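Subject: Structure for you to look at

Hello,

Here is the structure I said I would pass on. My notes follow below it.

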Amino acid sequence: MQVDTANMLAGGGDPVQCLRNHPGRAATLHLKEHSQANPAALLGEGEVDWQGLFNAVEAQDATEWLIVEWEGDFLPPLVAVESCLANLKKMAKQAIGPGVVAGLQVAFGPMTDRGGARVFRQGPR
């Protein structure tokens with residue numbers, strides 16, 4: 001199963017609780033920020049409980065891929081992707097210790113014709 005953080009929150013769900021309710025089932029996580037107050041929020045700037053999410057991922061040791069998405073026309077795509085990736089590295093280090101995201105492959109490409117971008121990031125295994 002793939003947990004989509006933004007869509008789950010937008011629909012009234014809780015991605016952290018979902019991971020806890022279904023241990024070992026989330027081989028991939030679709031990481032996207034959700035903010036009702038700021039539609040331009042980048043990863044780490046909204047309402048997602050990133051610390052809780054990363055703690056659940058680390059405890060279960062089942063997630064193989066973190067797929068980071070940003071879409072919008074608020075920033076140039078590569079600027080937004082770089083900011084999301086920098087925020088992800090900071091949050092992951094705070095949640096599960098230094099070095100967890102070091103040395104992992106990164107690839108990104110266009111997401112939408114509106115200027116969005118998607119970053120694929122291999123998980124902490």
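E69 is buried, because its relative accessible area is 6% and the cut-off for buried is under 20%. This is a predicted model, so please read the values as computed from it.

E69 also forms a salt bridge with K32, and the closest N and O atoms of the pair are 3.6 Å apart. The two residues come from distant parts of the chain, 37 residues apart. E69 sits in strand β3 (residues 65-70), whereas K32 is in the loop between β2 (28-31) and α3 (50-60). The count of salt bridges comes to one.

Next, the nonpolar core. The largest one has 23 residues, and L19, L29, L31, L43 and W50 are those with the most contacts inside it. At least two core residues come from each of α2 (15-21), β2, α3, β3 and α4 (77-96). In soluble globular proteins, nonpolar side chains tend to be buried together.

For L19, setting aside its neighbours within four places in sequence, the contacts are V3, A26, L29, L53, A56, V57 and Q60. One of these, L29, is itself listed among the core residues with the most contacts.

Regards

How values were computed: Residues numbered from 1 in each chain as written. Predicted model: local features only at pLDDT ≥ 70, side-chain atom pairs only at ≥ 80, totals over all residues. Heavy atoms only, no water. Salt bridge = Lys/Arg side-chain N within 4 Å of Asp/Glu carboxyl O. Helix = DSSP H or I, 4+ residues; strand = E, 2+ residues; numbered from the N terminus. Buried < 20%, exposed > 50% of the residue type's maximum accessible area, 1.4 Å probe, protein only. Core = buried A, V, L, I, M, F, W, Y, C linked by side-chain atoms within 4.5 Å. Contact = heavy atoms within 4.5 Å.
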